[in-house]
Amino acid sequence: MKKLQILLLTIILTIIPINVLSNTYDDIDRHFITEQEGIVLHPYNDIAGYKTYCIGRLASRSMVLKQTYSYEECEHLLEYDLTLFSDAINECINRELNPNEYTAVVDFAYNLGVHSYCISTLSKDVNDNNNLKIREDFLAWDKVDIKGRLIDNNSIRNRRLREYKLYIKPYKKH
């Protein structure tokens, strides 16, 4: 009977894909992401001209924004967004990342979008653990799209460098 149970469990685990990776929402360093985005308690246009508010949160064109937001509202919205980004980005990650690596790629996706991350060479090289190309991959995304033109931007380049430095920083458990 025991052998049959083990056989059935083995078959089930082979047939049903289970994501056993431990990359989770709890591993994201909110302080890092907040530092990268900044906190603006009122609507503003970001560097590419997109309507933005709070901690780098994009607004749709039809969205009616409040005049001001409290710090607590912005933190709450970031937490909500990070749950969505964490779930979505995990679909593109096929290996376990340490919290520094995970925060760096979540920040990249938060800034550029999950789709951009998932189709990037960065995603491929993260999954392949190809650390020789990671810096180049981050820096490939150092431009701003302004009305269909890609413009070099030092602020974005510096952000990509900070993401890269966090990605390669050894993680020490507390």
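Visitor: Is cysteine 118 buried, partly exposed or exposed?

Guide: The model is a predicted one. Its relative accessible area for cysteine 118 is 24%. Buried requires a value under 20% and exposed a value over 50%, so cysteine 118 is classed as partly exposed.

Visitor: How many residues apart in sequence are the parts tied together by cysteine 92 and cysteine 118?

Guide: The torsion about this S-S bond, for cysteine 92 and cysteine 118, is 90°, and the link is right-handed. Cysteine 92 sits in the loop between α3 and α4, whereas cysteine 118 belongs to helix α5 (residues 114–119), so the parts they tie together are separated in sequence by 26 residues.

Visitor: What is the handedness of the disulfide of cysteine 54 and cysteine 74?

Guide: Cysteine 54 and cysteine 74 are joined with an S to S distance of 2.2 Å, and both cysteines are buried. The torsion about their S-S bond is about -65°, so this disulfide is left-handed.

Visitor: Which elements hold cysteine 54 and cysteine 74?

Guide: The structure holds two disulfides. The pair of cysteine 54 and cysteine 74 ties together parts 20 residues apart in sequence, because the two cysteines lie in strand β2 (residues 51–54) and helix α3 (residues 71–90), respectively.

Visitor: What is the pairing when the bonded cysteines are numbered in sequence order?

Guide: Cysteine 54 is joined to cysteine 74, and cysteine 92 to cysteine 118. Numbered in sequence order, the bonded cysteines of the protein chain therefore give the pairing 1-2, 3-4.

Visitor: Which residues does threonine 103 touch, leaving aside those up to four places away in sequence?

Guide: Threonine 103 is placed in helix α4. With a relative accessible area of 1%, threonine 103 is buried. Its contacts are Asp27, Ile28, Asp29, Phe32, Ile33 and Leu166.

Visitor: What share of the accessible surface of the protein chain belongs to carbon and sulfur atoms?

Guide: The protein chain has eight helices and five strands, and buried residues make up 37% of its 174 residues. Its accessible surface comes to about 11,100 Å², and the share belonging to carbon and sulfur atoms is 57%.

Conventions:
Residues are numbered from 1 along each chain as its sequence is written. This is a predicted model: local features need pLDDT of at least 70, side-chain atom pairs count only at pLDDT 80 or more; totals for chains, interfaces and linings use all residues. Side-chain values use heavy atoms; hydrogens and water are left out. A disulfide is a pair of cysteine sulfur atoms within 2.5 Å. Helices (H or I, at least four residues) and strands (E, at least two) are DSSP runs, numbered from the N terminus. Buried means under 20% relative accessible area, exposed over 50%, partly exposed in between (1.4 Å probe, protein chains only). Contact means heavy atoms within 4.5 Å. Accessible areas come from the Shrake-Rupley method with a 1.4 Å probe; for residues, only the protein chains shown count as cover.
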